[in-house]
Amino acid sequence: MTGTFWALVPAIVAIVLALITKEVYSSLFVGIAIGGLFYANFNFEGTVIHIFQDGIVGSLTDSYNMGIIVFLVVLGIMVCMMNMAGGSKAFGRWAETHIKTRVGAQLATILLGALIFIDDYFNCLTVGSVMRPVTDRHNISRAKLSYLIDATAAPICIIAPVSSWAAAVSGFVEGEDGFTVFLKAIPYNYYALLTIVMMITMVLMKVEFGSMKNHELNALKGDLFTTGEIPFGGTSDDEGNDNGTVLDLVLPVVVLIICCVIGMIYSGGFFTGTGFVEAFSNSDASVGLMLGSFFAFLITVIFYACRKVLSFKDSMSCVPEGFKAMVPAILILTFAWTLKAMTDSLGAKEYVAGLMESAAGGLVTMLPAIIFIVGCLLAFATGTSWGTFGILIPIVVAVFEGRDATMMIISISACMAGAVCGDHCSPISDTTIMASAGGQCNHVNHVSTQLPYAMTCAVVSCITYVIAGATKNAAVSLIIGIALMIGTVVVLKKAFGTVEPDTKEE
């Protein structure tokens with residue numbers, strides 16, 4: 001089964017089960033168990049050892065994964081502190097007087113997501129903790145908030161030159177100036193660009209479709225969750241110190257951003273003489289976010305103590321509470337990482353690489369669209385964008401290097417766009433899990449409501465890649481793609497109507 005289609009079966013089973021049963025933990029574990037059975041050739045002892053020792057323990061002892069878990073826990077603690085200090089409550093009061101409509105609340109969420117472009121994990125959790133009180137007040141469903149968070153996380157990071165994603169992509173382009181290639185690829189990154197266009201257009205036109213429309217209609221009646229479950233602790237901004245101010249939320253967030261940027265360039269060797277851009281390219285997001293979040297936590301504890309809105313004892317009481325709030329996200333992440341380990345051990349990468357190399361000899365003009373589709377499927381099945389970059393980008397470079405530089409750039413963009421698209425659609429994607437945590441939304445609800453939106457954008461993006469392969473012109477292709485995307489939203493509005501509150505609610 002190694003190196004064949006069977007290598008992808010565990011992930012496919014987990015994804016299908018999660019969407020059918022609406023229960024993510026058991027679905028992921030079933031997928032992991034199937035991967036273990038395949039790897040051990042149905043030997044009981046070998047299966048158990050592979051699942052627990054190589055899979056779960058191996059994932060949790062990986063230094064990168066553990067750094068992300070530490071970052072998650074510290075961020076959960078800081079969110080709990082911001083709530084207890086009254087910062088979230090004060091920001092909610094401020095937003096109530098400055099953000100008057102549902103459209104305004106959604107656009108503010110998108111804007112904040114666009115401003116926090118350093119890292120997708122950081123983006124998801126920070127935007128969620130800051131904007132959740134605002135969207136709740138305007139009766140925006142948690143599913144819609146999670147979509148807005150997810151659609152401004154990876155799509156923004158993948159077109160931001162100074163981000164952990166730019167660093168990752170640059171590292172996969174061997175034999176070329178990775179950072180220059182990344183910059184040239186931005187105008188061709190159609191899924192990321194068109195997702196932003198689609199999101200803003202739908203917010204302005206008040207269009208919803210699929211199960212998201214049902215969630216939004218229920219939210220207008222006061223039910224933000226639809227399925228009744230209040231996940232991730234259900235923390236409320238109505239709790240906390242009445243003496244808190246907006247500064248008690250804004251300052252910790254700003255400090256967190258600054259500390260995480262410093263942490264990332266530190267991990268890239270900036271303080272030992274490496275240039276800023278090169279340090280970012282060489283940075284380790286796990287180390288940078290872990291160190292940055294820890295020092296931001298220390299500064300926040302001192303700041304609250306000086307402001308007398310949160311004593312040292314109260315700050316420490318937030319430590320276990322913040323940890324508890326992040327347990328669901330950590331558990332899903334651990335299972336997702338373990339499932340990836342199962343598919344890796346079965347040779348999923350080698351199987352897909354073989355498919356891509358055989359496809360490279362076909363119609364060259366269609367290759368960007370083919371690469372986009374393969375990237376979507378691979379990221380969907382494995383739940384990892386960066387893993388998809390690592391598989392597909394070296395193949396594309398090998399095919400086009402020294403032959404057609406423009407087609408190489410378009411195809412690398414197609415790799416990146418396909419990876420982000422598949423990542424968006426996949427229930428086992430870490431970024432999707434983070435978006436659920438940020439919006440405090442049931443994970444399966446987030447996936448099922450986002451899937452129709454992501455697929456709609458994927459179809460338009462694929463058509464745009466066909467045009468790009470034929471024209472090799474970034475501007476022409478992008479203009480056509482944007483026109484197609486806006487036209488699609490207009491058609492959806494005519495087909496499904498709008499979701500609008502009563503005038504008194506606006």
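**Close-up views of a predicted model**

**View 1. Glu 321 and Lys 324 form a salt bridge, with their closest N and O atoms 3.2 Å apart.** A salt bridge is a side-chain nitrogen of Lys or Arg within 4 Å of a carboxyl oxygen of Asp or Glu. The two residues are separated by about one helical turn because they stand 3 residues apart in helix α17 (residues 312–345). Helices (H or I, at least four residues) and strands (E, at least two) are DSSP runs, numbered from the N terminus. Glu 321 is partly exposed at 39% relative accessibility, and Lys 324 is exposed at 51%. Buried means under 20% relative accessible area, exposed over 50%, and partly exposed in between (1.4 Å probe, protein chains only).

The model is predicted: local features need pLDDT of at least 70, side-chain atom pairs count only at pLDDT 80 or more, and totals for chains, interfaces and linings use all residues. Residues are numbered from 1 along each chain as its sequence is written, and side-chain values use heavy atoms, with hydrogens and water left out.

**View 2. A salt bridge joins the side chains of Lys 206 and Glu 500 (3.4 Å, N to O).** Lys 206 belongs to the loop between α12 and α13 (211–220) and Glu 500 to the segment after α24 (474–496), so the pair ties together parts 294 residues apart in sequence. Lys 206 is partly exposed, with a relative accessible area of 23%; Glu 500 is also partly exposed, at 44%. The whole structure holds 7 salt bridges.

**View 3. Asp 248 and Arg 307 meet through their side chains in a salt bridge (2.7 Å, N to O).** Asp 248 lies in helix α14 and Arg 307 in helix α16 (residues 285–307), so this pair ties together parts that are 59 residues apart in sequence. Asp 248 is buried, with a relative accessible area of 0%, whereas Arg 307 is partly exposed at 30%.

**View 4. Helices α6 (residues 102–115) and α12 (residues 190–205) pack at an angle of about 165 degrees, their axes 9 Å apart.** Helix α6 is therefore roughly antiparallel to α12, a term for angles over 145 degrees. Axes are lines fitted to C-alpha atoms, for helices over the stretch in contact, and angles run from 0 to 180 degrees between N-to-C directions.

**View 5. Ile 116 is found in the loop between α6 and α7 (120–137).** This residue is buried, with a relative accessible area of 3%. Ile 116 and Ile 257 are 141 residues apart in sequence and 7.9 Å apart in space, C-alpha to C-alpha.

Note on methods
Parallel < 35°, antiparallel > 145°, perpendicular 65-115°, else oblique.
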